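Dear colleague,

I am handing over the structure we spoke about, with the sequence alongside. Please open it first, and then read my notes below.

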Amino acid sequence: MEEFRAPGLYRRGSNLYTVNLRPGEKVYGEDLLTEDGVEYRKIDPWRSKLGAYVAQGGRLWPFERVRSVLYLGGGHGTTVSHLSDVLPKGSVHVVEKSPRAFGALLALAQRRENLYPILADVQLPERYRADCGEVDHLYQDVSQRGQVEIFLENVHAALKPHGTGFLMLKTRSVTQTESPRAVLKTATRHLDSEGCEILETVDLSPFSRGHFALLLRAPG
Ligand SMILES: C[S@@+](CC[C@H](N)C(=O)[O-])C[C@H]1O[C@@H](n2cnc3c(N)ncnc32)[C@H](O)[C@@H]1O
């Protein structure tokens, strides 16, 4: 096993792993692998867009100085669980509006002390801003038409100046009448006009078709 990106991302062959914060426990049926007394959980890039970002050649891994994350659209906790592994001493506040998914996040948070699920709509950051405070990193994965606007509202509400963020852009939720590349271009222009620096853009096909991972730096 080699450390592939610091902190906390490992690789063996073409497979990616994080160190399991809860040895012996799987979160979504992923493979576990033990080497030199350390247990690793395999990241499935078909299930996690963060995994797909790295598998598709994403070069930057922006968690080196990150202590706090605001995660929008936690789902059942697949990617959240890997971030929890990567930031054992950090905090990950996770916003989710589906009660069913929120239940899964609550169960996960009972076993992982760095997770703080919040049942709320990501379009209303004023509902959770006091809970998460100002964060170092904003991660968004919600299939909503106004994904870029939601991301920018949360940047302004909760991301520290020069903080980093991943926007997992689902182009088909924005519009089905324009090509994915055209949607990406419009999104990029909008983010740029609001002072966000785009550090990297990665096409997540074939793992998530029509999705792009945008890694951004917030204005100062
Ligand atoms: C693609 S899934 C997230 C998968 C997850 N990020 C992962 O990688 O494991 C999108 C999630 O966003 C949630 N969502 C969509 N719109 C939302 C909103 N306005 N507020 C909060 N959650 C929302 C959905 O309920 C769904 O669970």
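The structure is a predicted model, in which local features need pLDDT of at least 70 and side-chain atom pairs count only at pLDDT 80 or more, while totals for chains, interfaces and linings use all residues. Residues are numbered from 1 along each chain as its sequence is written.

The sheet

Seven strands, in the order β8-β7-β6-β9-β10-β12-β11, form an open sheet whose pairing is mixed, where two strands count as paired if DSSP finds at least two bridges between them. At the edges stand β8 (115-119) and β11 (197-203), and because each has a single partner strand, one side of each is left without a neighbour in the sheet. From one strand to the next the twist averages 15 degrees; angles run from 0 to 180 degrees between N-to-C directions, and the axes are lines fitted to C-alpha atoms, for helices over the stretch in contact. As background, strands of a sheet pair through backbone hydrogen bonds, either parallel or antiparallel. Within this sheet β6 and β9 run parallel and are joined by 4 bridges, and Y71 stands opposite Y139 in β9.

Helix α3 (residues 99-111) touches β7 and β8, and its direction makes about 160 degrees with that of β8. Helix α7 touches β10, β11 and β12 (211-217), and its direction makes about 165 degrees with that of β11.

The ligand site

The ligand is surrounded by 19 residues, of which the closest are G73, G75, T78, T79 and K97; a residue is near a molecule if its C-beta atom, placed from the backbone, lies within 6 Å of it. By class, this shell has 4 nonpolar, 10 polar and 5 charged residues, where Ala, Val, Leu, Ile, Met, Phe, Trp, Tyr, Cys and Pro count as nonpolar, Asp, Glu, Lys and Arg as charged, and the others, Gly among them, as polar. Both α2 (78-86) and β7 (91-96) supply at least two residues each to the shell. Helix α2 is mostly covered, since 9 of its 9 residues are buried, T78 and T79 among them. A residue is called buried if 20 or more other C-beta atoms lie within 10 Å of its own, exposed if 12 or fewer do, and partly exposed in between, with C-beta atoms placed from the backbone.

Helix α5 and its surroundings

Helix α5 (residues 147-158) has 12 residues and reaches 16 Å from its first C-alpha to its last, close to the 16 Å expected at 1.5 Å a residue, the expected span being 1.5 Å times one less than the number of residues. Its buried residues are Q147, V148, I150, F151, L152, N154, V155 and A158, and what covers them includes β6 (68-72), α4 (129-132), β9 (135-140), β10 (159-170), α6 (171-174) and α7 (180-193).

Also in helix α5 is A157, which is partly exposed because 17 other C-beta atoms lie within 10 Å. Not counting residues up to four places away in sequence, A157 touches P125 and R129. In helix α7 is H190, which is partly exposed as well, with 14 other C-beta atoms within 10 Å. H190 and L152 are 38 residues apart in sequence and, C-alpha to C-alpha, 9.4 Å apart in space.

Backbone details

A cis peptide bond joins A6 and P7, with omega about 0 degrees, and P7 lies in the loop between β1 (2-5) and β2 (9-12). The peptide bond from S205 to P206 is also cis, with omega near 5 degrees, and P206 is found in the loop between β11 and β12.

D36, a residue other than glycine, has phi near 50 degrees; D36 sits in the loop between β4 (32-35) and β5 (38-42) and is exposed, with 5 other C-beta atoms within 10 Å. H162, which is not a glycine either, has a positive phi of about 70 degrees; H162 lies in strand β10 and counts as exposed, with 11 C-beta neighbours inside 10 Å.

With best wishes

Notes. Contact = placed C-beta atoms within 7 Å.
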